[in-house]
Amino acid sequence: MARRDTPGLPDFSLLKRLARDQLVYLLEQLPGKKDLFIESDLMSPLDRIANMSTLKQHDIVKLYKVEYKATVSLSDQLCFLIRPRIQTVKWICDVVNADKAVGRFRRYKIIFTPQRFFACEAVLEEEGVFGDVTTDEWAFYLLPLDDDILSMELPEFFHDNFLAGDQRWLRTVGGALHLLHSVYGPFSKLYGIGSCSQMTYEWWREQVEQGEQGARPAEIGSVFLIDRDVDFVTPLCSQVVYEGLLDDIFRIKCGCVEFGPDVTSSDRSVKVMLNSQDKVFNEIRNEHFSNVFGFLSQKARNLQTAYDKRQGMDIKQMKTFVSEELKGLKQEHRLLSLHIGASESIMKKKTKQDFQELLQREHCLLEGFEIRESISFIEEHINRQISMMESLRMLCLLSITENGLLPKDYRSLKTQYLQSYGFDHLLTFSNLRQLGLLVEQQGAETLTVMESKVGKLVNDKTAGKITDAFSSLARRSHFRALSRKLNLVPKSDEEYDLRVPKDMAYIFSGAYVPLSCRLIEQVLERDGWAGLEDVTRLLNGHEFAVTGGSRAEPNSDAQRLVLVLFLGGCTFSEISALRFLGRAKGYKFIVVTTAVTNSSRLLEALLGNHA
Amino acid sequence: MMRSKADEEEYWHSSKFKAFTFEDEDDELSRLKESKQAVNSIRQLVEEDDDDDDDDTEKVSWSGEPVGSISWSIKEMAGSNQKIDREPAFPRIPTEPSTLNKSHSGLSLSSLFRGKAKSENFQSFSDAFSDSVRIYAPELRKPKSEYKDYVCDWSPEETVQRLLQGKAVSLEKFRSLQDKLLLLDFAVAAHDGNVITAVLIYLKRSLRKEVLFRELQSRQTALRHFIHYLTESREQKLLLELLRALGRTEDMALLQYKEHLSITDENNKRDFLKSCLSLPFSAEDSAHVQDHYTLLERQIIVEVRNPFRSGLHWSTGCLMLRSCCQAADRQAERGGKVEIYQRFPRKASILNMPLITTLYYCCFYHYGEPEGTFSSPLNVRRTFKISEKQYFVTALAARAKLKAWSDVDALFTGRNWLGFTRKKSPLSFHRVVDVLQRNSAPTQVLQDYVALIDDAELRISLAQKLKCHDIVISTFRDMKDRQMLVAYRGKVEPGSAPERKIDDLLNNQQIRWKN
């Protein structure tokens with residue numbers, strides 16, 4: 001019997017403290033005054049765990065952003081806090097070599113985070129500065145964005161791993177998992193699907209085997225690992241849950257959003273932290289947008305009543321009111337007006353672009369209904385040059401749900417897309433095809449022919465492998481079949497009350513249960529993949545369910561704490577769906593992700609039209 | 001391999017530590033320990049084992065790992081120092097790629113054999129290492145004299161194991177192709193991209209590229225890593241050679257084409273695109289690249305060059321005359337002679353804009369021009385085979401923006417066989433209305449098109465939204481819907497013409513209302 005209460009969460013602020021202490025330790029190893037160069041995408045994460053005074057305390061005089069320009073720093077000691085990227089290291093080499101050329105002597109230290117790569121050090125060696133520059137690692141794996149969200153802040157995982165096929169971040173993810181296991185484990189069960197998940201599991205398992213475990217009470221019960229490419233449909237859908245909408249429209253960065261003048265109705269922009277500390281936000285973040293207005297106005301009325309209490313108070317009561325309640329009310333007032341402003345701005349933007357029609361087309365694609373109409377809708381969207389990203393998103397959604405486009409449609413839509421948004425998107429289309437996001441339908445014969453052709457070229461064993469290499473071509477999404485087997489699209493003839501959601505489909509207005517979350521639900525319910533063989537076959541396999549022989553009693557709180565690790569990013573909508581599932585089934589989910597993503601971020605990583 | 005002497009000194013002087021050698025190991029170690037304690041005052045010291053970090057100093061090569069940087073053990077973080085019995089082991093899941101890779105490592109039998117024979121070793125050896133990579137685990141304790149030999153004895157597999165732990169290793173001793181490939185295959189089997197790339201960099205340095213390419217052909221995972229490495233380090237030339245060797249000509253063409261993105265000068269870019277035309281694209285992409293080139297060439301003519309002087313020929317004298325008058329747009333704008341540039345100053349140059357933007361631009365600034373001029377919308381349409389619908393939408397938006405309503409009207413004009421004009425559109429009329437309304441067309445213009453929307457419901461809702469009262473009223477009249485008409489009366493301004501019209505209808509006895 002599922003329990004209705006939900007267990008409490010482990011204290012993840014510990015992770016921040018650990019990261020901060022380690023950074024301090026690394027800085028302490030560089031005594032004396034120094035300037036620190038920080039890679040721009042590390043600034044926000046760094047902000048969450050340390051502040052300027054922490055850095056100042058450790059003799060950092062000036063902070064610079066890495067901008068690939070000649071340095072103006074006058075310090076004798078330069079420290080670079082960067083991601084392990086070849087281009088950044090090359091720039092540092094240029095800085096060092098420029099100093100050498102003018103006979104300037106400085107000390108240089110690179111702190112790679114979360115780890116160093118051999119390829120980066122090879123650059124130091126090739127550029128002749130190996131030794132002049134010392135390196136270190138800051139194992140900052142996980143940033144708690146909220147009580148139940150941990151992000152690795154590695155958006156490039158998606159591109160590097162799925163598009164380029166470079167597995168260098170798998171170990172990093174394994175490291176993050178190991179960290180969680182060491183601090184909050186031991187885990188009793190692990191489930192997963194996808195080849196990256198499987199490899200990560202393998203790596204982690206070896207670490208566990210080699211290490212020793214302290215006897216701690218387990219704080220986390222089971223773990224679910226899932227590759228992003230198991231489900232591309234969900235992140236490509238428009239988000240309609242409040243937090244997801246905010247992310248789609250304003251772009252939440254590292255748990256923080258910047259509201260412009262149109263939201264604040266002043267001439268200033270305001271940065272707002274979005275997490276459970278914000279009481280107003282916490283109540284609406286998982287709500288379907290249609291409920292948000294009602295909620296906010298109710299809240300506003302309550303606030304008014306609370307303020308109105310002042311009427312007829314005597315001095316003493318007034319004093320208590322001011323000292324005890326007013327501050328809270330003012331805070332709530334501020335937050336409320338921000339979220340009302342944001343909702344208004346969302347409404348304005350969405351009505352302007354015919355959001356309703358867009359959603360309707362999207363739902364048709366998910367249902368596999370009126371495909372022709374959807375194609376001409378997308379075509380008009382492209383013809384009118386409406387939004388480059390939206391057009392691409394709809395094209396991909398069409399392709400995945402339909403298992404590829406008819407060759408005729410593919411060519412015509414591609415041509416029109418290139419005409420509307422630039423011919424250099426040829427490269428984007430090539431990337432999308434490689435990933436299987438936007439493809440032409442291929443007759444089954446074509447594939448077999450290709451396979452047997454290749455098979456003749458090489459010996460039989462290699463043939464399988466080569467077919468694997470063609471798998472992006474061959475890989476079919478099978479969305480329709482999956483949708484049927486997992487009942488992802490609820491029957492449309494029933495009214496769906498978004499205020500009282502009955503399943504996870506509410507996050508997409510009742511039109512679609514996210515595939516990723518449905519898999520998690522099913523596997524937890526069945527305690528494994530038994531009975532889901534048809535589904536895993538359609539998903540390309542690589543599923544696993546393993547038990548570690550937990551000593552914890554099965555009904556303890558920890559056993560109902562499930563850690564879900566998304567390799568390649570997850571969306572706020574998925575997080576909302578899991579929170580819903582948790583409430584319904586008595587679980588509590590902790591989401592760990594390589595980065596929070598959405599359709600724009602996902603597709604931007606695949607755009608080919610930049611140098 | 002070793003850090004240079006000067007550098008080492010520099011490091012040690014800069015830190016609290018002093019350089020140490022193996023001769024005075026104990027002394028230095030105790031100092032190291034002291035400083036560590038000082039720095040780590042917040043946490044307790046690790047088990048003694050960790051003091052053996054010296055192994056790393058000796059062989060620092062890949063990693064410039066400073067000796068003093070004692071990474072945190074996760075156990076410390078968890079705050080538990082006790083050694084307790086092991087976690088019950090998790091089962092191993094055979095991962096497809098690794099087995100596959102071993103089985104076709106190109107060395108056929110021998111490698112298979114070795115791989116299998118070692119697999120036991122694999123486990124036991126790995127057991128010797130404690131914990132995560134960030135903990136620099138102690139080496140197996142051996143007398144120093146034996147130590148050097150031991151280094152040299154590492155097998156490819158053991159070497160990969162060390163790489164996996166971020167430890168210093170020398171790869172130079174793997175000189176036979178067989179050993180090199182074993183290194184690679186073990187790296188691939190370990191699923192660590194970082195290590196795979198490390199081995200590939202070594203192979204790239206020590207193998208002739210033809211040999212490396214040949215071997216990569218049957219190792220897809222390694223190949224992908226190599227391609228990504230070359231892409232990131234921008235070794236375009238080698239990457240192109242690799243793709244050619246693999247027969248991936250389309251990828252090669254796209255990669256070369258991609259270079260145009262970093263060319264800023266428009267003439268250079270055009271010339272580069274021209275050179276791309278002969279690349280082995282797919283037939284489909286080849287046409288797109290051709291269009292890309294033609295478009296940029298066209299944009300340069302329209303934007304910068306005076307077409308007449310540049311020696312382009314037109315057949316008719318009329319056109320010649322025209323092109324004489326028509327200086328290129330940049331000059332026209334600067335000179336301020338042409339009225340339209342004053343009314344609607346150009347926001348940006350047309351260079352490098354998409355085709356449809358260019359078409360829009362031509363519809364905006366060069367609408368009436370005859371088809372012979374390069375800037376004429378009709379010419380653009382013909383050259384690039386733009387679909388009727390696409391052309392229509394673009395022209396509509398551009399002329400609406402200019403509020404050239406007669407041009408807009410003319411776009412729809414078709415004649416039926418009786419010679420009556422009637423409006424037809426390749427775009428559904430509610431979209432037409434949308435385009436017009438976005439360009440703030442007045443109600444008189446809008447209502448003409450709202451009236452043409454077939455679907456009555458859609459027509460009414462749009463008409464209501466856009467306040468085209470006449471249409472709403474007549475639609476309700478046609479539907480004989482008295483109630484709706486009465487309701488609508490409340491929405492129009494009292495005393496206005498629409499209200500009077502409604503009243504007239506409601507008073508009209510001849511209409512047979514359905515309600």
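Contact, as the term is used in these legends, means heavy atoms within 4.5 Å. The structure is a predicted model, in which local features need pLDDT of at least 70 and side-chain atom pairs count only at pLDDT 80 or more, while totals for chains, interfaces and linings use all residues; side-chain values use heavy atoms, with hydrogens and water left out. Residues are numbered from 1 along each chain as its sequence is written, and chains are lettered from A and ligands numbered from 1 in the order in which they are written.

View 1. Helix H5 (residues 118–126) of chain A is mostly covered, with seven of its nine residues buried. Helices (H or I, at least four residues) and strands (E, at least two) are DSSP runs numbered from the N terminus; buried means under 20% relative accessible area, exposed over 50%, and partly exposed in between (1.4 Å probe, protein chains only). The buried residues of H5(A) are A:Phe118, A:Ala119, A:Cys120, A:Glu121, A:Ala122, A:Val123 and A:Leu124. Within chain A they pack against helix H4 (86–101), strand E4 (107–112) and strand E5 (133–137). From chain B, helix H8 (156–164), helix H10 (193–206) and helix H12 (220–232) also pack against these residues. Just after H5(A), A:Gly128 takes a positive phi of about 75°.

View 2. A:Cys120 is in no disulfide, the nearest cysteine sulfur being that of A:Cys93, 9.7 Å away. A:Cys120 is buried, with a relative accessible area of 1%. For A:Cys237, the closest cysteine sulfur belongs to A:Cys517 and is 12 Å away, too far for a bond. A:Cys237 is likewise buried, at a relative accessible area of 1%.

**View 3. The nonpolar core around A:Leu190.** In soluble globular proteins, nonpolar side chains tend to be buried together. A nonpolar core is a set of buried Ala, Val, Leu, Ile, Met, Phe, Trp, Tyr and Cys residues joined through side-chain atoms within 4.5 Å. The largest such core has 317 residues, and those with the most contacts inside it are A:Trp138, A:Leu142, A:Leu180, A:Leu190, A:Leu246 and A:Leu437. Leaving aside neighbours within four places in sequence, the contacts of A:Leu190 include A:Leu177, A:Trp204, A:Phe544 and, from the other chain, B:Phe90.

**View 4. A:Ala176 in helix H7.** A:Ala176 is found in helix H7 (residues 170–184) of chain A and is buried, with a relative accessible area of 2%. Residues up to four places away in sequence not being counted, A:Ala176 touches A:Tyr141, A:Leu142 and A:Met152. The C-alpha atom of A:Ala176 is separated by 9.8 Å from that of A:Thr594, 418 residues apart along the chain.

View 5. A:Asp503 is found in the loop between helix H23 (479–486) and helix H24 (515–526) of chain A. A salt bridge is a side-chain nitrogen of Lys or Arg within 4 Å of a carboxyl oxygen of Asp or Glu; for charge, Lys and Arg count as positive and Asp and Glu as negative, while His and the chain ends are not counted. A:Asp503 is buried yet has no salt bridge, and the nearest side chain of opposite charge, A:Arg518, is 5.4 Å away. The side chains of A:Asp503 and A:Tyr496 are joined by a polar contact of 2.5 Å (a pair of N or O atoms within 3.5 Å; within protein, one must be able to donate a hydrogen and the other to accept it, and residues adjacent in sequence count only if both atoms are side-chain atoms). Residues up to four places away in sequence aside, A:Asp503 touches A:Pro490, A:Tyr496, A:Val513 and A:Phe580.

**View 6. Salt bridges within and between chains.** The count comes to 63 salt bridges over all chains. A:Glu390 forms one with A:Arg393, the closest N and O atoms being 3.2 Å apart. Both residues lie in helix H17 (residues 388–401) of chain A, three residues apart, about one turn of the helix, and A:Glu390 and A:Arg393 are both buried. A:Arg411 forms a salt bridge with B:Glu284, with the closest N and O atoms 3.8 Å apart. A:Arg411 lies in helix H18 (residues 407–421) of chain A and B:Glu284 in helix H16 (residues 283–303) of chain B, so the pair joins two chains. A:Arg411 is partly exposed at 41% relative accessible area, whereas B:Glu284 counts as buried at 19%.

Terms used:
Disulfide = S-S within 2.5 Å.
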